[in-house]
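Come and look along with me.

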Amino acid sequence: MPHHLTLAAQDLKLDVNVLDYVVLALYFVTVLGIGLAARRAIRTSLDFFLSGRSLPAWITGLAFLSANLGATEILGMAANGAQYGIETVHYYWIGAVPAMVFLGIVMMPFYYRSKVHSVPDFLRRRFNGQTQLLNAVTFAVAQVLIAGINLYALALVMGALLGWPLLLSIVVSAAIVLAYVVLGGLSSAIYNEVMQFFVILAGLIPITVLGLIKVGGFSGLADKVRQSALGDPGLHAWAGTGSAGTNPLGAHWIGIVLGLGFVLSFGYWTTNFAEVQRGLSARNTTAARLTPIVAAYPKLMIPAVTVIPGLVALVLFNNLGKPGGPQYNEAIPLLMGDLLPNGVLGIAVTGLLASFMAGMAANISGFNTVFTYDIWRSHVKKDKPDDYYLRLGRLATVGGVVLGIGTALIAAGFSNIMNYLQALFSFFNAPLFATFIIGLFWRRMTAWAGFWGLLTGTLVAFASYILFKMGVLDFGTELNATFWGAGTAFVVDAIVSIVVTLVTTPKPESELRGLVYGLSDASIADDALKGDTAWYRSPIVLGAGAVILGALLYIPFV
Amino acid sequence: MSGEIDRKRVARLFDIRRIIGGLFLLYGMILTVVGILDGQASVDKAEGVRINLWTGIAMIVVGAVFLVWERLRPLDAPDPSHAEEAEERTE
């Protein structure tokens with residue numbers, strides 16, 4: 001496998017020149033400059049970007065979208081586009097937007113108004129310290145694994161630029177990220193996150209346009225996909241999903257709707273700390289609720305610059321994804337090398353590199369926050385001075401990066417990183433979502449029901465994946481396995497939660513105020529601002545609009 | 001109170017729209033110049049399109065939109081705890 005990767009990296013060598021390096025250098029000078037200047041100008045720990053809950057919805061919405069649209073997502077979705085065709089749009093139109101809208105309309109008020117600092121912290125208040133610890137540990141593990149994916153992807157691009165072997169690229173990339181987190185700090189990391197999104201779009205749009213010209217427009221692309229390995233099923237989103245064997249994804253429509261559309265996506269979008277945190281920095285409840293809804297509209301349009309290039313790559317490089325050929329993950333970098341002249345090429349390379357670094361920086365900072373506060377301070381050493389935890393946080397950063405090198409080698413074993421990512425989400429997020437949703441709407445659910453439900457759900461998702469890998473359970477494709485794993489984890493978590501609730505004592509209502517549906521906390525003042533009542537700022541109107549638009553977009557691709 | 005004014009000034013300077021706008025304007029100008037000077041090899045690689053020029057122009061436009069937006073709607077960060085003074089509360 002490593003031999004194969006090295007070969008692939010050499011095939012991929014991009015023809016960069018000094019112009020592209022100038023573009024790249026300008027970007028990093030800007031980001032580091034902001035970090036250093038901001039550090040001088042603002043002496044307190046008050047962060048000027050996510051400062052004390054002061055931001056309007058459009059900024060937090062942008063940050064919300066950027067936190068998700070890293071390069072892993074973009075390369076992974078292009079890989080899925082090449083491997084599974086148009087069916088990849090499910091990840092956006094049914095697998096993201098409804099959940100984003102649900103987060104905004106239903107769940108955000110609980111997060112925002114209870115003033116928790118993290119998702120595990122919410123679990124501590126709704127359930128108990130043990131549930132917090134369990135979630136904090138699985139979250140920390142997930143962050144380190146995802147950091148590995150970002151690091152691996154970063155190393156792939158570095159290898160393509162410089163022709164280095166994979167392991168060397170991974171270690172050097174890790175060193176750069178470490179330096180970058182230490183130098184720029186959180187503030188420049190967040191700026192980078194928003195900036196990389198626009199820069200990567202500036203690189204992707206030319207790729208998409210040129211790719212379409214090269215294959216003869218939309219009709220030319222459709223013709224060539226029909227003749228490709230994917231064939232006509234690659235052009236449809238729903239046709240053939242009546243049975244798992246007759247569509248490229250190998251998924252039944254029930255699996256798509258319930259597994260992906262409900263459990264996996266609701267689990268990811270509504271409980272993922274990195275996402276929810278963006279909403280927490282909004283200026284009031286309305287802005288917090290609008291955060292994911294504002295992000296949903298651009299999210300609907302993203303497949304145009306990921307799935308289309310994936311399909312273009314499929315028809316242009318006929319050994320893509322075949323043994324000995326380049327991997328699906330390399331669809332976008334291959335197109336960059338084939339179509340972009342120096343200049344725009346530099347923009348695209350900058351977007352990719354910045355995005356992986358921002359992604360990994362976010363994983364590492366999520367890891368050290370939860371490790372320091374939700375694991376160490378809450379459960380190991382409680383009453384130490386603040387600088388003790390600060391030092392610990394720094395050590396956790398270094399530790400996280402070193403562990404990330406290890407997990408990058410795991411990620412290297414998967415030919416489609418998105419599949420690996422989805423498998424991880426099915427372990428960690430699907431059961432968490434079950435616990436959340438029951439805990440929010442059923443006030444009787446007890447503290448220990450939260451703990452045992454979460455534990456068994458996670459173990460079941462893990463077990464189902466292992467059994468699939470060992471060949472005991474047959475789900476067809478890797479993706480389909482994660483859909484079913486997530487669904488099973490959700491159901492088991494729900495059953496265990498209900499059974500445990502019935503044999504344990506519930507928390508008194510006074511401890512649940514503001515944390516469950518129907519028990520509002522009267523001590524929290526209404527924080528609405530002028531203009532919040534306008535219909536165009538109504539989370540329900542805007543949210544429904546996004547879901548309807550998503551459904552309409554399916555029409556040409558049924 | 002000067003701390004408060006300072007904070008606002010800094011927040012404005014580091015408004016993400018200014019930074020994205022500035023960066024895109026700079027990138028756009030570089031690409032536009034490169035696009036005008038591009039040789040035949042670059043144009044051929046991009047399927048006969050002067051892609052650097054077009055991307056450059058588009059980036060200048062996007063950059064300008066961000067800067068104009070920042071000009072017209074500067075970021076005022078009302079602190080919710082002082083919202084009463086802002087007299088603009090709805091019920």
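Before the first entry, I settled how axes work: they are lines fitted to C-alpha atoms, for helices over the stretch in contact, and angles run from 0 to 180 degrees between N-to-C directions. Helices (H or I, at least four residues) are DSSP runs, numbered from the N terminus.

I also noted that this is a predicted model, where local features need pLDDT of at least 70, side-chain atom pairs count only at pLDDT 80 or more, and totals for chains, interfaces and linings use all residues. Residues are numbered from 1 along each chain as its sequence is written, chains are lettered from A and ligands numbered from 1 in the order in which they are written, and side-chain values use heavy atoms, with hydrogens and water left out.

**Two helices**

I looked up helix H13 (residues 285–301) of chain A beside helix H14 (residues 303–316) of chain A: they pack at about 25 degrees, with axes 6 Å apart. That angle makes H13(A) roughly parallel to H14(A) (the term covers angles under 35 degrees). Contact means heavy atoms within 4.5 Å. On the H13(A) side I found Lys299(A), Leu300(A) and Met301(A), and on the H14(A) side Pro303(A), Ala304(A) and Val305(A).

**The core**

Next I turned to the largest nonpolar core, which has 195 residues. Such a core is a set of buried Ala, Val, Leu, Ile, Met, Phe, Trp, Tyr and Cys residues joined through side-chain atoms within 4.5 Å; buried means under 20% relative accessible area, exposed over 50%, partly exposed in between (1.4 Å probe, protein chains only). Helix H8 (residues 129–162) of chain A gives the most to this core, with 19 residues. Met336(A) is among the residues with the most contacts inside the core. Leaving aside neighbours within four places in sequence, I see Met336(A) touching Leu14(A), Ile207(A), Leu345(A), Ala348(A), Val349(A) and Leu352(A).

**Aromatic rings**

How many aromatic pairs does the structure hold over all chains? I noted 20. Rings of Phe, Tyr and Trp (its six-membered ring) pair if their centres lie within 6.5 Å, and planes under 30 degrees apart count as stacked.

Phe64(A) and Trp269(A) are stacked, 5.7 Å centre to centre with 25 degrees between the planes. Their pair joins helix H3 (residues 57–68) of chain A to helix H11 (residues 253–271) of chain A, across 205 residues.

Phe367(A) is buried at 9% relative accessibility, whereas Phe371(A), at 22%, is partly exposed.

Methods. Angles under 35 degrees count as roughly parallel, over 145 as roughly antiparallel, 65 to 115 as roughly perpendicular and the rest as oblique. Rings of Phe, Tyr and Trp (its six-membered ring) pair if their centres lie within 6.5 Å; planes under 30 degrees apart count as stacked, over 60 as edge-to-face and the rest as tilted.
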